[in-house]
Amino acid sequence: PGTKGVRVVVLDPGHGGLDTGAKNANTMEKDLALTIARKVRTALQGRLGMTVLLTRDSDVAMDNEARSAVANNNQANLFISLHIGISANKLDSGSSVFVMNEDFGGPVVPTSGRDRLFLPWYLGYRTAAPASEQIAKLLQDELTKTIPGWKFPLRNAPLGVLSSVTMPAVVLEIGNLN
C-alpha cells in the first residue's frame, strides 16, 4: 500500500567527501548513511521490484543541486535523503521525517508580465509539496509500527537538498549517533 505508481526511487545518502556530517568516536554519518542506503536499495529492489538509484555510491562530495539532478534527470517518483540524527540526550532517538518549509523562497509572481508562471529552480519542491506531506506521514506511520518505542516526529525546515526536486521528497533522519 502507498507504493502505487512509484517505479523509481532515489535515495540520497547524506554528506560525503570532506563533509562527514555528525560523528562520534567510531562512526561518521556519511558512512552510516551510505551503508543504510545500500541496504534499503537492496530491500526495495528485491521486495517491490522498484528501480532504486543512489545519489552517491562511494565517499564523494556532492552539492544539493547534484543530488537533485540525479532525481530530476531520472524522473524519480520519490526522493529520500537519509541522515543520522545526533542529540546530546543519549535517550533521544534523534529520528525525524522532514519536509520542505511551505514558504521557502517567498512568494512567486508571474514573469514577463504574462499569465504564465515559471518556477525558479530552487522552488521545484512546490510542484509536489502536498504529496511530500503524504509520503512523510506514511513513512512516519510505517516506521513507528516497525520500530516500537521510537518516535519519528514530522518536521519542516528550509532544507536545500529538497528545494530543487520536482517529485515527492523527504529527509529521513534516523537514530542518534550519541
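A residue counts as buried when its relative accessible area is under 20%, as exposed when that area is over 50%, and as partly exposed in between. The structure described here is a predicted model.

Although Glu65 and Ser164 are 99 residues apart in sequence, their C-alpha atoms lie 7.1 Å apart in space. The backbone nitrogen of Glu65 also takes part in a contact at the start of α2, where a side-chain oxygen of Asp63 comes to within 3.2 Å of that nitrogen.

Which residues of helix α2 are buried? In this helix, which spans residues 64–73, they are Arg67, Ser68, Val70 and Ala71. Because these residues cover an arc of only 150 degrees around the axis, they sit on the same side of α2. The elements that the buried residues of α2 pack against are the strands β1 (8–13), β2 (51–54) and β3 (78–85), together with helix α4 (160–163). Just after α2, Gln75 adopts a positive phi of about 50 degrees.

In soluble globular proteins, nonpolar side chains tend to be buried together. In this model the largest nonpolar core holds 21 residues, of which Val9, Leu11, Ile80, Val97, Val170 and Leu172 touch the most other members. At least two residues of this core are supplied by each of β1, α1 (29–48), β2, β3, β4 (96–100), α3 (129–146) and β6 (169–176), and the largest share, four residues, comes from α3.

Leaving aside residues up to four places away in sequence, Leu172 touches Ile80, Ser81, Leu82, His83, Ser96, Val97, Leu139, Leu143 and Phe152.

**The aromatic pair**

Phe152, one of the residues that Leu172 touches, brings the description to aromatic rings, for which a search of the whole structure finds one pair. The rings of Trp150 and Phe152 have centres 6.0 Å apart and planes at 45 degrees, so the pair is tilted.

| Residue | Relative accessibility | Class |
|---|---|---|
| Trp150 | 31% | partly exposed |
| Phe152 | 2% | buried |

Within the pair, then, Trp150 is partly exposed, whereas Phe152 is buried.

Conventions: Residues numbered from 1 in each chain as written. Predicted model: local features only at pLDDT ≥ 70, side-chain atom pairs only at ≥ 80, totals over all residues. Heavy atoms only, no water. Buried < 20%, exposed > 50% of the residue type's maximum accessible area, 1.4 Å probe, protein only. Arc of directions from axis to C-beta. Contact = heavy atoms within 4.5 Å. Polar contact = N/O pair within 3.5 Å; in protein donor to acceptor, adjacent residues only side chain to side chain. Core = buried A, V, L, I, M, F, W, Y, C linked by side-chain atoms within 4.5 Å. Phe/Tyr/Trp six-rings, centres within 6.5 Å; stacked < 30°, edge-to-face > 60°.
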